Amino acid sequence: MSTESNHQSHGHHSTSAAAPATDIVDEHGHGHSVAAWAGVAVCLVGFLILSLAIVFPSLTWGIIGGVVILASLVVAGGLAKAGYGVKGPDGKPVGLGRPKR
């Protein structure tokens with residue numbers, strides 16, 4: 001049995017039609033924004049502090065780490081409302097107006 005007939009018997013077929021050239025970031029946003037990156041950065045610092053508080057037992061640093069993690073939500077939300085999120089200040093997605101490469 002040839003490999004070609006083996007592929008056909010399993011229901012695999014090749015298509016010659018190319019997928020449309022859409023930019024997946026424009027289609028879904030994916031959260032690539034200053035607000036998202038800043039929120040993640042602050043949250044990582046909070047987790048670092050919290051992790052160190054676990055390794056070197058300290059309730060004070062554990063609370064500080066938790067507060068920094070919660071502050072990351074405030075940072076990301078505030079920057080998003082200021083227009084640095086996936087949607088601009090007018091509420092429209094930022095990526096849709098970008099020129100295609």
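Modeller: In this predicted model, S72 belongs to helix α4, which covers residues 59–84. S72 has a relative accessible area of 5%; because buried means under 20%, S72 counts as buried. Leaving aside the neighbours within four places in sequence, the residues in contact with S72 are G39, V42 and C43.

The next point concerns the pairing of two helices. Helix α3 comprises residues 34–55, and its axis comes within 7 Å of the axis of α4. The two axes cross at roughly 180°, and therefore α3 is roughly antiparallel to α4. Sorted by class, the residues in the contact of α3 with α4 are 20 nonpolar and six polar, with no charged residues.

V45 is located in helix α3. V45 has a relative accessibility of 44% and so counts as partly exposed, since that class lies between the limits of 20% and 50%. In sequence, V45 and V68 are 23 residues apart, while in space their C-alpha atoms are 7.4 Å apart.

Finally, a word on confidence. The average pLDDT of the chain is 75, and 55% of the residues score at least 70. Among the elements of the chain, α3 has the highest mean pLDDT, 93. The lowest mean, 50, is that of helix α1, residues 3–9. Where pLDDT is low, the predicted coordinates should not be read in detail.

Note on methods
Residues numbered from 1 in each chain as written. Predicted model: local features only at pLDDT ≥ 70, side-chain atom pairs only at ≥ 80, totals over all residues. Heavy atoms only, no water. Helix = DSSP H or I, 4+ residues; strand = E, 2+ residues; numbered from the N terminus. Buried < 20%, exposed > 50% of the residue type's maximum accessible area, 1.4 Å probe, protein only. Contact = heavy atoms within 4.5 Å. Axes fitted to C-alpha atoms, helices over the stretch in contact; angles between N-to-C directions. Parallel < 35°, antiparallel > 145°, perpendicular 65-115°, else oblique. Nonpolar A, V, L, I, M, F, W, Y, C, P; charged D, E, K, R; others polar. pLDDT = per-residue confidence, 0-100.
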